[in-house]
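Visitor: I have a model open on my screen and would like to learn how to read it. Could you take me through it step by step?

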Amino acid sequence: QKEERENICLDHSENSAKMSVPGPEIMISADPRAKKIHEGFRINWMNMRDADSGKVLWEDKEWSSKTFAKEMKASIPKEILRCRAVSREINFSSAEQMNKFRLEQKVYFRNMLLEEWIFDFGFVIPNSTNTWQSTIDSAGEGNMLPAENLSGNVVIETSFYDADMLVSKSVVRVFYV
């Protein structure tokens with residue numbers, strides 16, 4: 001099991017989201033090695049907890065091959081935005097060895113890039129199931145946009161890599177309920 005920390009800052013100042021970048025996309029690499037990794041990769045479940053109390057606030061066990069075929073939707077309790085830090089736990093299986101498994105996540109608000117997070121897992125044993133925990137610190141009270149403004153307007157593009165080789169990308173639209 002791996003654990004790491006990343007900072008989140010939803011900067012909603014006037015000039016914060018003015019980056020001109022391509023929007024989120026879903027894709028599977030055409031590279032033969034990347035395709036082989038993708039075909040043997042599965043997210044089994046994921047949850048998010050209040051990092052201070054350990055209370056599970058959201059969990060999803062319904063991951064499938066559609067994760068990389070269409071935009072997914074996640075209904076997350078809006079109380080998660082009040083957490084000082086959120087612990088995200090991902091359980092995944094891989095048929096293939098990966099030498100440097102990592103994720104790059106781009107967070108878009110109304111199609112404008114707000115922030116980017118990078119998470120490094122490292123070596124993945126072939127034919128293994130792994131649990132990966134990351135702690136994400138919030139920007140703090142008063143620095144977060146309200147749930148009603150964010151809901152349905154936040155899209156997270158997750159790029160899956162082995163070292164510098166892009167394996168695939170998924171897109172999730174977030175609704176705060």
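Guide: Let's begin with strand pairing: two strands pair if DSSP finds at least two bridges between them. Helices (H or I, at least four residues) and strands (E, at least two) are themselves DSSP runs, numbered from the N terminus. One caution before we go on: this is a predicted model, where local features need pLDDT of at least 70 and side-chain atom pairs count only at pLDDT 80 or more, while totals for chains, interfaces and linings use all residues. Residues are numbered from 1 along each chain as its sequence is written, and side-chain values use heavy atoms, with hydrogens and water left out.

Visitor: How many helices and strands does the protein chain have?

Guide: You'll find 2 helices and 11 strands. Going along the sequence, the pattern reads β-β-α-β-β-β-β-β-β-β-α-β-β.

Visitor: Which strands pair with β3?

Guide: One partner is β6 (residues 85-94), which runs antiparallel to β3 and is joined to it by 9 bridges. In that pairing, N47 sits opposite E89 of β6. Another partner is β4 (residues 56-60), also antiparallel, with 4 bridges to β3. There, M46 faces D60 of β4. The hairpin of β3 and β4 has 5 residues between the strands, and within this hairpin G54 adopts a positive phi near 85°.

Visitor: How do I read burial, and how many residues of β3 are buried?

Guide: Buried means under 20% relative accessible area, exposed means over 50%, and partly exposed is in between (1.4 Å probe, protein chains only). Strand β3 spans residues 41-50 and is mostly covered, with 7 of its 10 residues buried. Across the protein chain's 177 residues, 49% count as buried.

Visitor: What about the surface as a whole, and what share of it belongs to carbon and sulfur atoms?

Guide: Accessible areas come from the Shrake-Rupley method with a 1.4 Å probe, and for residues only the protein chains shown count as cover. The protein chain's accessible surface is about 9300 Å², and carbon and sulfur atoms own 47% of that.

Visitor: And what do contacts tell me about the fold?

Guide: A contact means heavy atoms within 4.5 Å. Take the contacts between residues at least 6 apart in sequence: 73% of these join residues at least 24 apart. L150 belongs to helix α2 (residues 147-150), and L150 is buried at 0% relative accessible area.

Visitor: Now salt bridges. How many does the structure hold?

Guide: The rule is a side-chain nitrogen of Lys or Arg within 4 Å of a carboxyl oxygen of Asp or Glu. By that rule the structure has 10. R49 and E89 make one of them, at 3.6 Å from N to O. This pair links distant parts of the chain, since R49 is in β3 and E89 in β6, 40 residues apart. R49 is partly exposed at 26% relative accessibility, whereas E89 is buried at 12%.

Visitor: Where else can I look for salt bridges?

Guide: D137 lies in strand β9 (residues 128-137) and R84 in the loop between β5 (72-76) and β6, so the pair ties together parts 53 residues apart in sequence. D137 is buried at 15% relative accessible area, while R84, at 46%, is partly exposed. Then there's R102 with E104, where the closest N and O atoms are 2.5 Å apart. R102 is buried at 10%, and E104 counts as buried at 16%. Finally, E25, E157 and K169 form a salt-bridge network.

Visitor: What is the nearest side chain of opposite charge to E115?

Guide: For charge, Lys and Arg count as positive and Asp and Glu as negative, with His and the chain ends not counted. E115, found in strand β8 (residues 112-124), is buried yet has no salt bridge, and the nearest side chain of opposite charge is R88, 11 Å away.

Visitor: Which side chain does E115 make a polar contact with?

Guide: A polar contact is a pair of N or O atoms within 3.5 Å; within protein, one must be able to donate a hydrogen and the other to accept it, and residues adjacent in sequence count only if both atoms are side-chain atoms. The E115 side chain makes such a contact with the side chain of W117, at 3.3 Å. Another polar contact joins the side chains of Q133 and S87 at 2.6 Å. Q133 sits in strand β9 and is buried, with 17% relative accessible area.
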